[in-house]
Amino acid sequence: MTESTSALPRRRTSYRIKIEPRLDQPPAWFPAAISVSAIIVALILGGIVIASVGGNPFLSYAHIARASFGDVGVLSDTIVKATPILLAALACSIAFRMKLWNIGAEGQFIMGAFGASAIVLAPVLPAETSRWLFIPVMAIAGMAAGAIWGFIPGYLKAKFNVNEIISTLMLNYIAVAWVNFWIFAVWTEGGFQMSPKFPETSWLPRLSEYASSIPFFRGLTTHAGLLLGILAAVVLWFIVYRSRWGYEIRLIGDNPHAAQYAGISIARNTIWVMMLSGALAGLGGMSEVAGVVHRLQTSPLAAGYGFTGIIVAWLAKLNPVVIILVSVLFGALILAGREIQPSGIPKMIQGIMLVCLIASDFLLRYRVRLVRGEEA
Amino acid sequence: MDPIIILQAGVASGTVLLFATLGEVFAERAGVLNLGVEGMMLVGAMTAFSTTIATGNPWIGVLTAMFFAGLLSQIHAFIVITLQADQVVSGLALTFLGTGISLVLGEGLSKAGTVSLMPSFSIPLLSQIPILGPIFFRNQSVLVYIGYLLTPLAWYYINRTRGGLHLRAVGEYPSAADALGINVFRMRYLYVFVGGVLAGLAGATISLAVAPGWFSELTTAGQGWIAVGLVIFAQWDPIRAALGSYAFGALRRLILDIQGPTILFGFRNPFYYDPYLGFFLQMLPYAFTVIVLVIGSREAIRKRLGAPAALGNPYIRGERGL
């Protein structure tokens with residue numbers, strides 16, 4: 001598949017599409033331009049599908065834009081939606097960097113929410129505890145629970161070479177059933193599948209709480225989970241690009257044989273990276289349960305943030321700082337998408353986007369030229 | 001709780017996994033990992049159900065499901081074979097895409113009511129065999145019988161025919177296959193298509209035979225992923241794939257049925273409508289998949305068996321190596 005001919009009939013000169021490997025490094029703006037073009041193509045393809053089921057793609061997209069960036073209030077809601085995606089995407093990015101396909105961020109996210117909720121519901125800390133103690137303990141518990149959920153597939157991979165794609169995915173289903181058991185059997189509120197509302201001391205602070213001193217913040221739902229996410233992104237950036245460990249992770253991802261010859265333990269790094277990945281997703285679960293839901297309940301928590309995180313991580317080329325920006329875009333898509341009919345459209349657009357992005361990577365490695373040639 | 005009835009239903013439910021697993025065996029034997037099975041199954045289930053509503057003929061439903069799931073698989077084939085992209089990410093993308101498309105096009109189908117299903121019948125003489133007869137040959141859907149035929153055929157094709165030899169060559173050592181004049185690219189496209197067609201058939205088996213209807217993502221509930229796991233357990237062998245699929249099908253049925261009776265083997269049934277234990281029962285198929293993977297992976301290490309050598313790698317003509 002080095003070249004394919006597209007000869008036009010009854011013409012002297014024929015045009016050929018010539019595909020050749022790129023030998024030089026493309027300019028710095030080129031990958032970004034390719035990604036943006038891929039998204040535009042995805043939106044066009046998504047629009048065609050929307051139109052084919054009888055919807056109006058222009059109205060749908062205009063609605064998404066208005067309902068997510070239209071004013072400060074909805075922008076704040078967009079950021080609230082972006083926060084769990086951000087942490088889930090960071091979790092995926094560090095694992096993918098090592099070519100560990102952790103697609104269990106969803107389950108690790110739910111277990112993180114469970115771990116954080118256990119502090120409130122068990123209760124480990126009484127409801128009167130100061131916020132300054134409550135929230136750090138919940139964050140640590142959430143990260144620990146997520147890390148345990150990441151440790152299991154990491155250990156199985158390191159020890160028995162168990163395919164982590166399947167094991168992490170299976171653990172997603174187990175996590176949902178596990179949390180459903182607890183909120184139904186132990187912490188149920190009135191027999192419903194949800195826990196009682198948490199005391200306000202365990203809530204992550206929201207901007208609207210400071211409206212008395214800064215009136216601009218009135219009604220804004222953005223909570224401190226965003227700060228946790230940005231902090232995690234910056235820390236992760238330093239780990240990946242500026243630390244010895246990050247170098248090892250990148251080396252294993254790019255060339256496991258070279259890493260092994262250099263004396264880097266792949267097994268140990270597999271376990272540690274899976275635990276770090278799980279901890280980040282778990283922090284996302286904690287942020288969502290303490291910042292938005294304020295009770296343990298599976299339906300709003302297991303809303304696919306872990307899967308969206310995969311796409312966001314990939315779109316951001318696994319760069320933690322770029323992930324922050326891309327998360328906001330996907331937060332918008334999910335927020336506005338709730339009101340769009342049919343309800344599967346945001347999910348479908350995400351799928352089309354990922355397909356277009358992967359396909360577009362080809363253009364980074366190959367140069368496609370239209371050449372005029374005499375030969376057929 | 002009659003064990004024979006559970007096993008009979010288990011065989012039907014295992015047929016879903018069987019088709020999906022066999023399809024993935026073909027694709028992976030050709031060297032292409034396709035993680036989009038779940039998405040293709042959903043598209044198959046949705047297409048089969050909606051086409052059957054529209055036409056009233058379940059056979060047309062099954063065939064369209066196979067065609068459209070096969071068509072979807074060609075997106076993956078193009079991305080990983082022609083564009084040489086990472087097979088893991090592309091497969092994930094295909095699952096997202098298939099799930100999204102089936103949700104959009106399947107909107108409102110869950111309220112569609114009943115449709116005519118694939119016919120069920122008993123095989124005259126075989127169903128008289130004690131124990132095995134009623135389990136395998138009594139009142140099963142025609143799709144279950146197709147599964148019985150397909151398994152040995154797939155085994156024979158892969159291991160005993162020229163086409164199967166070429167298939168294995170393309171997955172194990174594509175540059176050697178290429179040197180022999182086998183068109184590696186065309187073969188890989190073909191077997192990814194076969195995988196998609198069988199995944200579509202698996203989806204149609206759910207929505208038109210085993211658990212009729214369209215329940216959005218819950219229609220498959222992760223069975224596509226279990227199938228991908230079963231391929232590793234089956235070590236890319238159709239016979240082992242069938243054993244694994246039927247065992248998992250029986251387990252799924254057992255979990256559903258064990259909560260019914262009050263008395264179990266003369267004792268009070270501890271699972272009797274106990275919603276708390278029910279959550280743990282729900283975990284079992286997924287936990288078993290992980291356990292089966294551990295067993296399969298350990299066995300593979302011990303016997304030095306492995307995946308097809310070129311699995312996951314794009315074939316680039318003129319490059320060194322596999």
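Modeller: Gladly! A term to begin with: a nonpolar core is a set of buried Ala, Val, Leu, Ile, Met, Phe, Trp, Tyr and Cys residues joined through C-beta atoms within 7 Å. Please keep in mind that this is a predicted model. The largest such core here has 212 residues, and A:Leu90 and A:Ile323 have the most contacts inside it. Helix 9 of chain B, residues 184-210, supplies the largest share of this core, with 15 residues. Over in chain A, setting aside residues up to four places away in sequence, A:Leu90 touches A:Ile323 itself, along with A:Ala232, A:Ala233, A:Leu236, A:Leu280 and A:Pro320.

Now to chain B as a whole. Its fold has 12 helices and four strands. The radius of gyration of chain B is 20 Å, close to the 20 Å from the globule rule for 322 residues, so chain B is as compact as a globular protein of that length. Along the principal axes, its C-alpha atoms fill a box of roughly 65 × 50 × 45 Å. Of the 322 residues in chain B, 52% are buried. Among its contacts between residues at least 6 apart in sequence, 78% join residues at least 24 apart.

Finally, the meeting with the partner: the contact takes 42 residues from chain B and 40 residues from chain A. On the chain B side, helix 3 (58-82), helix 4 (87-105), helix 10 (223-233) and helix 12 (275-302) each supply at least two residues. Helix 12 gives the most, with 15 residues.

Conventions. Residues numbered from 1 in each chain as written. Chains lettered and ligands numbered in written order. Predicted model: local features only at pLDDT ≥ 70, side-chain atom pairs only at ≥ 80, totals over all residues. Rg over C-alpha atoms; globule rule 2.2 N^0.38 Å. Buried ≥ 20, exposed ≤ 12 C-beta atoms within 10 Å, placed from the backbone. Contact = placed C-beta atoms within 7 Å.
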